[in-house]
Amino acid sequence: MNNAQAIAYDVRRKSFLTSLYTFREVLPGLLAMFFIAIFSNNLAGVPNPFTLENLFQWLDWVIGPLNHQPFFQILNSNFVWNPILLGLIIGNIFGVPDSWKRGLSYIHMLMPLGIIMLGPHFMIFHAFKLGFWPILIIVVSLFLTATVTLWFTKLFRLDDRHGSIIAGGLSTGDPHAGVILMPLIKAKGYQVMNASIGVILFGIIAMLILPLIAAPFNIPEKYMGLVAAVGVGNGSQSLYAAYASSYEAGRYAYWFDVGRHVIMPAGFIYVFLVMFIRKLRNPEDPNIRATRGINKFPVWLGVFIFIWVLACLHLFKEPAHHAIFNMVKWDFSLAAAALGLSISFRDIIGAGVRGFVVTCAAGLLRIVFLLAAILLCIKTGLLTV
Amino acid sequence: MERNQHTTDLDGFDYMANSGIEEKDRDLSGMLIALIIIAVLTFFQYLGLY
Amino acid sequence: MIHCLKKLFPFFCVLVAFILMTDGRIRQAYALDDPHGLEPADDMTFFPHLPGLRNKVFKNYLGQGKSLSEAVVLRGSEISDGKATVPAGGLFYLSETSGDAAPLRRDPFLLLGEHTYLVDLESSTYTVKDFSVKGGRKAQVEDTGYRMWYDYATDHYEKPYAELALISPSGGWPLEFPIASVFAEREEIRTIKIGEGYVEQLEKFCMDKEYLYGASRFVAKNITYDEAQFESIEFPWITEATFSMHRPIVMDVRQDDYRLYFDKRIYAFRRPDGFLVRVTGFTGGKVYAEKLIKPITAQGYKSMCKKKDDYHLTIPDLDIRIEIMVQPLHLKNSDFVPWSTGKSHGFQEGVLNFVVYRRLINVRHGEPWPLDKRYKVLLEPNMMTGMLQRLLIENAEPITFDKDHNTCTGPVKWSNFWNRPAFKVVVDKLDGNVVREQYLRDYFFARTENMVFWPKEGRHNIDFFIGSSPVLEPILEDTFLTRLADPSFGTVVEESQFTSYPKVISDSSFYEPDHTAPFVPRLDGLMRKYTRDRKKNRLISAESIFIRGSYVDYRNGKIIIPPAGLCYSSRNSRNMRTLSGEEFYMLGEKAYLASFRSSTIVRKNVHLDFWKNQPMGDGNLMYWQDELLGIRNKTLRMTDHCYLDDRPVGEMSLMKYSGNRWGAHFLIAQGLDRDTGNRYLMPEIFAEGATWIIPEYVGSNYLKIREFGTPSIESFSFTYKKPKETLMGAGEHAKIGAYDLQCASIDPDAKTVALVLIDETGKEVASKTLGPLDEGAIGLLPQYLPVAEKMQFTHEDIHVELDIYDPFKEGKARLYLYSQIQMLKRDTPFEFDDRFMVRPDVCGHCYQLNEVLLDNPAPIILDKDHPVYEGPKRKDGTPLFRIVIDHFDGEMIHAWHMETIEDDELHSTDNLAFRPRNNIDVLIGVTGTIEGFLRLSMLPRLGFMESWRISSHGPETKLSGSVNTGGSAHIRR
C-alpha cells in the first residue's frame with residue numbers, strides 16, 4: 001500500500017466499517033468473485049452444475065483413476081485451487097477491470113474470516129486413536145520439515161516469504177496452508193502460487209519415488225501408510241504412493257492422514273512465529289521480508305487459536321463443524337477468486353525454480369529422516385505391527 | 001513504478017495492498033463476521049435447528 | 001496380513017465352492033452356449049457407478065415415482081490362450097424400472113441413457129406343460145431363455161416341499177416360491193375351527209401345489225427331493241414394445257376444434273363414447289387419419305391387449321401417437337389413484353389433454369435392436385403384472401477379445417445429436433489364461449477403474465456387473481455372502497453420518513441392525529461347525545453376535561444399546577427338530593436338543609394398517625402399525641400394496657423377534673380367482689405350513705384380518721452331556737443320571753416300549769410306555785409334538801426317547817438317554833448370567849426350534865468411564881465376548897472392537913470404527929439371521945465396498961433395492 005492510499009483511507013475513515021467501502025464501489029468486484037466462485041466449486045446452496053470442479057470430475061472419469069486416485073485430485077484440485085485457476089485465466093486473458101478492484105479488496109477481510117472459521121475443522125482428539133508414537137512422528141515431522149525448509153531457504157538465498165510459504169505447505173502436507181500463511185507472512189500472490197506449484201510437483205515426484213525408495217526396507221504395510229501420509233502428504237498424492245506399495249498401505253494412509261490433518265494449524269502458526277520473531281530480532285535487515293508490516297501478534301490469529309482450542313474441547317459437534325466448513329468453502333472460494341485475478345503468469349514464472357529446489361531438498365530430507373525414524377521405531381518395538 | 005494492472009486501478013488503489021489502519025479494520029470486520037457465523041451455526045446446532 | 005489374506009482369497013473361494021457342492025447344492029456345469037438366466041462368475045467385478053449408466057426417479061402420468069436404473073453386464077466368459085470369449089447373450093445392457101412400465105400411463109423408461117416413455121406393449125402368456133427340474137439345477141424352460149431353479153427342498157412329516165424360482169434371461173427373479181404336491185391345499189385352512197390366543201399345535205400342514213403370482217401360475221404335479229415336476233408353468237410374455245424417445249407434447253383438447261401440432265391440425269370431435277380425433281395437414285385439407293378414441297384414466301384393465309386400441313391413434317407415417325388424458329390434478333384424491341401426487345410435466349389447465357408422443361421406436365422380443373443389428377432385444381415382464389420390467393440388449397453373436405481385438409463396442413444408442421455406441425468394453429493385457437486389465441467406457445467417455453483388482457494375479461474371466469440395478473440382488477443370491485465375507489479388504493467399516501438427531505430406539509425388539517453395521521464373518525470363539533443328526537444329515541451349527549439399535553447420545557457422551565440390542569444367536573442351517581438327535585452350540589459349548597414346548601398363537605379380527613414408512617428425519621424407521629402375535633414372538637406388518645386390474649393386492653411380512661423376516665412377503669388379493677376370467681390370479685388367503693391369514697377385506701392401505709395364526713415357542717430343553725444310544729431288551733437296565741432305567745416290556749407289533757425309572761433306593765419314581773410308533777404316528781413325526789411326546793419319557797433332568805427311524809433291533813428297543821437336562825423358558829433370565837434373557841424363536845412352518853437368542857432386558861450404557869461390557873457369561877463365569885470401546889470422543893466412536901478369549905488366547909476383531917461411527921451395531925459370525933440382515937442391505941454394502949477399497953468417501957446417495965432413495969430406509973422389510 002502506498003502512502004497516498006493509506007492517507008486517503010485515513011481521511012475517509014469513519015469507523016472500521018469504512019474498510020468495506022460503499023456498496024456501489026464494491027458490487028462489481030463482489031459479483032466477479034461470486035461468479036468465479038460459483039463456476040469453480042459446487043458450493044452449498046448453489047445448484048449450478050457447470051463448475052470447474054465438475055469439469056475436472058468428468059475429466060477424472062475420462063482419464064480413469066491412477067492407483068485409485070483421480071488425476072485432478074493428484075494435482076490437488078480443490079475448493080481453493082479451482083477459483084484461483086479460473087481467476088488466473090480470466091485475469092491473464094481479459095485483465096481485471098478497475099471497477100472490480102474495490103470489491104476484490106474484500107480478500108483481506110475474507111482471509112482472516114475463513115481462517116478463523118477453519119478452527120472447528122481441526123479437532124485434535126480425532127487423532128488420538130492413532131496411538132502415541134505415530135502421533136509423535138507426525139508432530140516431529142511437521143516441525144522438523146518446517147525448520148529444515150526455512151533453513152534451506154536461507155541456504156539457497158530464497159526470498160524468505162517464498163520460503164515460509166513452502167515451509168507451511170510442505171510441513172503440513174497441504175498447499176492450502178500456503179494460502180493461509182499468505183496474510184501472516186505478507187507474501188506476494190505469485191510467491192504463493194509458485195510455492196504451491198512447487199509443493200504439488202514435489203508431491204508428484206515423492207509419490208512416484210517413495211514406494212521405490214521404501215521397498216528395500218520391508219516396512220510393514222500398515223506403516224507404509226504412515227510413511228506415505230507424512231512423507232508425501234497432499235491427500236490423494238499420499239494415497240497414490242501408499243496404494244502403489246500395497247492395498248493395506250493405502251488403507252492405513254487414509255487412517256493416519258487424520259493425524260497430519262488435525263495438527264495442520266500448528267504448522268502454519270509455527271512458521272509464522274519463527275519468521276515473526278526473526279523479524280522482530282532483525283528489524284532493519286532488508287533481506288528479512290517475511291511478516292514485514294506486522295508489528296504485533298495479529299489479533300485474528302489469536303482468535304483462530306482460541307476457536308481451535310474450543311474445537312479441541314469439543315464445543316463444536318459434527319453437524320456444526322460441517323456447516324461451518326461449508327461457509328469456509330464459500331469464503332475461500334471468494335477470496336481465492338480475488339487472489340487468482342491478482343496474479344500474472346509472468347510473475348509466477350519470474351519467481352523462478354529456486355523455491356522448487358528448496359522444496360525438493362527439504363522434502364527428500366524429510367523422507368530420509370522419516371524412513372529412518374519409522375525403521376527405528378519398528379526395530380525397537382515402539383511401533384507394533 | 002509501473003502500475004500492476006491486475007491489482008491497481010487508475011487512482012492508484014492497489015487491492016492486494018493491505019496495511020495500516022485499513023488492514024486492522026479489515027481484520028476486525030473479518031473477525032466479527034467469522035465469530036458471528038461460528039456462534040450462530042453452533043448455537044443453532046445446539047438448539048437442534050439443523 | 002491382508003496381503004496374505006488376499007493371496008488366500010482364491011483358496012477361500014475354492015473352499016466355499018467345495019462346501020456348497022458337498023452341501024448338496026451342487027452347482028450345475030452349464031453349457032457355455034446359453035448364458036440366459038445365469039449369473040456372471042462368482043468373482044465377477046461389481047462397480048456401482050459409471051456416469052453413463054443412469055439412476056433416476058421419474059414420475060409417470062399418475063405421479064407415481066419409478067426408480068429407473070441401467071447396468072451393463074457380462075457373463076459366461078472364458079479365457080484361454082490369450083483369448084477371451086463371450087457367448088451370445090453374454091454381454092448385455094439392462095434397463096430396469098421399479099414395478100413395471102405399462103401402456104397408457106406415460107411410464108418412464110431408460111433406453112441406453114435416454115429418458116423415454118413406454119407407450120405400447122404386446123403381451124401374452126407363455127405356457128409350458130409337463131416340465132421338470134432336478135434338485136439344485138437351473139433348467140432351461142424350452143428355448144425361452146428362462147430357467148426354473150430348484151433351489152432346495154426340505155421336509156415336513158418326512159415329506160418334501162420345495163423352494164423354486166423362475167429366472168428371467170437377465171438372471172432376475174421376484175421371489176422364491178414354496179410348493180409341494182403332498183400337503184393340504186391352502187383353502188383347507190378355512191375348515192379349521194380354532195379358538196383365539198395360545199392354542200394347541202395344528203396337525204394340518206398347508207402347502208399348496210399351485211402357486212399364484214398375478215400373471216404367473218405354477219402347478220406342481222409331483223415334488224420330490226430330487227426333482228420337481230410341474231403340470232404347467234405359465235408366465236407373461238412380451239412380444240413387442242414401443243417407446244417414445246421424447247417427452248410428449250401435451251395440449252388442451254378443444255372440442256369440435258383443432259390444436260396445431262407443428263404443421264398438423266389435431267381435431268377432437270365430441271361423440272357419445274369418446275372423441276373422434278382427426279389429424280389433418282396445416283390447412284385442414286388433407287386428412288392423415290381419424291379414429292374414435294376414449295380418454296385415458298387410471299383404471300388398469302385398459303392396458304389389456306384387446307382394450308388398449310380404444311385409447312390411442314397411432315400414425316406410423318407421421319411418427320406420432322395421440323392419446324387423450326385427464327389432467328392428473330383431477331385424479332388427485334380420487335378413489336382410483338389415492339397415491340397421485342400432482343400434475344406431471346406438460347399439464348397446465350383444462351381437464352382433457354392431447355398427449356402426443358413422437359420419435360417412436362418399436363422393438364420386438366428376440367429381434368435385432370433397430371439401431372445395431374449386432375445386438376438383439378429381450379423384453380422381460382414383471383412376473384406379477386405382465387408389464388415391462390426390464391429391457392435387455394444383448395450380443396447376438398459370440399465375442400472374442402484377443403491381442404488384436406481388445407475392444408468391443410456396445411449397441412448404438414439413439415441420441416438427439418449423435419447416435420453412437422452406448423459403451424465400449426476394453427480387454428487389455430490378456431496373458432495366457434488370465435486378464436490383467438479391463439474396463440468399460442460409456443458414451444460420455446467416462447471409464448471404470450481396472451476391473452482386475454489384483455493385476456499381478458489376473459482374473460480367469462472377464463465377467464462384470466456395472467451399474468446399480470436392483471436385479472443384482474437375485475443375481476447375487478448364491479454369492480453375496482461370499483462377496484461380503486471376502487477378507488481381501490479387511491473388515492469394511494462405513495462411516496456414519498453425524499447429525500443433530502441421530503437415531504434413538506427405546507427397544508430393539510423386532511429391529512434389524514443398522515444397514516451400515518460392519519460385518520465380521522469370522523471371530524475365533526464363535527462356533528461354526530458341521531454336525532450330523534440321527535439320519536446322518538449334515539447340518540451347520542453356528543453362533544453369531546449382533547448389536548441392533550445402538551446409538552450415541554452425544555449430548556451426554558454415552559453409547560447406548562437399548563433393551564434387546566445386544567444379541568447372541570445360535571442357529572443351525574435349518575430348524576432344530578426334536579427326536580432327531582440334533583446338536584447346537586450354546587455359548588461355545590455343544591448342546592443336545594431334547595424337546596421344546598410350542599403352540600399356536602391365533603388372533604382374530606385384526607386391523608392392520610399399511611406401514612407407511614415415515615422415518616423421523618434420522619433414517620430410523622418406526623413400526624407403530626405392527627400387530628404383535630404373542631409376546632416377543634412375531635409381528636405382522638403390511639409392507640406394500642399394488643393393484644391388479646384395480647383390485648388391491650396386499651403385501652405383508654411376518655417379522656421375527658430377531659428383526660429377520662420369516663420367508664418371502666405374503667401376497668393376498670380378493671376376487672382374483674381363476675373362475676371369473678381374470679387375467680391375473682392371486683390367492684385370497686395365505687397358508688403356508690402352520691402360518692395362515694384369512695382376510696375379511698383387502699384394501700389398498702388397510703387389511704382386516706378375520707383370522708391369523710402362527711406358531712410360538714415357550715421353552716426348550718437340552719443337555720450339554722452327549723446322549724447315550726442304547727439297545728434295551730425287556731427287563732434290561734441302564735444307568736441314567738442318578739436313576740436306573742428299566743425296560744419293562746417291548747411290544748414290537750404294537751411298537752411300544754414300557755419304561756420304568758427307579759431311584760437309588762430302588763423306588764419306582766416314574767414310568768411311561770413309549771409309542772405306539774405306528775403308521776399314523778410316523779406320518780406326523782418328528783414335527784407334531786403331541787405324537788413326538790409319546791416317544792419321549794421325561795422326568796426331572798432325565799429324558800429318554802425312542803429312535804423313530806430305526807426303533808427295534810432283534811427284539812430290543814433303540815433308545816437315547818439324556819441326562820442333566822435343563823429347560824430354558826422364554827423371557828426368563830439365562831441360567832449363568834441374569835443380565836441376559838432367553839428368547840427362543842420358532843419356525844413359522846413347523847413349530848420346531850429355529851433359533852436360540854440371548855439378549856439384554858435392560859439398556860447397556862458405555863462411555864469413557866465404562867468402555868468395556870462383557871457379553872453373556874458361561875458356566876465358568878467367563879464371558880463369551882467383550883465389547884471394548886477404545887476411543888470415543890463423546891460424539892464419534894473412533895475405535896472399538898469385540899474380543900473373545902478361547903483357550904487362553906485373545907481374539908479380536910479389527911477396529912470396527914476404522915471410519916468414525918455413531919453406533920456400535922455389528923454383525924459377527926454367519927447364521928441364517930445374519931444372512932437375512934445382509935440380504936436386506938446387500939446392495940448398499942456392496943456399493944460401499946467399492947469406496948472402501950479405494951479409500952474414498954462413501955457415496956452420498958446410496959444404492960439399495962430400488963435405487964436412489966438415499967439409503968435403505970425404504971426397503972420393504
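**Notebook: chain C and C:Asn911**

I began with overall size: chain C has 973 residues, for which a compact globule would have a radius of gyration near 30 Å, and the 31 Å of chain C agrees with this. I note that the model is predicted.

I looked up the extent of the chain next. Along the principal axes, the C-alpha atoms of chain C fill a box of roughly 115 × 65 × 60 Å.

For secondary structure, I recorded 69 strands and 8 helices in chain C. I then turned to contacts between residues at least 6 apart in sequence, and found that 63% of those in chain C join residues at least 24 apart.

I checked the surface of the chain. Chain C exposes about 36,500 Å², of which carbon and sulfur atoms supply 49%. Of its 973 residues, 63% count as buried.

I then examined one residue, C:Asn911. I located C:Asn911 in the loop that runs between strand E68 (905–908) and strand E69 (922–924) of chain C. Is C:Asn911 buried or exposed? Its relative accessibility is 18%, so C:Asn911 counts as buried, the cut-off being under 20%.

I looked for the partners of its side chain. A polar atom of the C:Asn911 side chain lies 3.1 Å from the backbone nitrogen of C:Trp896, and one lies 3.3 Å from the backbone oxygen of C:His894. Leaving aside neighbours within four places in sequence, I listed the contacts of C:Asn911 as C:Val493, C:His894, C:Ala895 and C:Trp896, together with A:Trp255 of chain A.

Definitions and conventions: Residues are numbered from 1 along each chain as its sequence is written. Chains are lettered from A and ligands numbered from 1 in the order in which they are written. This is a predicted model: local features need pLDDT of at least 70, side-chain atom pairs count only at pLDDT 80 or more; totals for chains, interfaces and linings use all residues. Side-chain values use heavy atoms; hydrogens and water are left out. Helices (H or I, at least four residues) and strands (E, at least two) are DSSP runs, numbered from the N terminus. Buried means under 20% relative accessible area, exposed over 50%, partly exposed in between (1.4 Å probe, protein chains only). A polar contact is a pair of N or O atoms within 3.5 Å; within protein, one must be able to donate a hydrogen and the other to accept it, and residues adjacent in sequence count only if both atoms are side-chain atoms. Contact means heavy atoms within 4.5 Å. The radius of gyration is taken over C-alpha atoms; the globule rule is 2.2 Å times the number of residues to the power 0.38. Accessible areas come from the Shrake-Rupley method with a 1.4 Å probe; for residues, only the protein chains shown count as cover.
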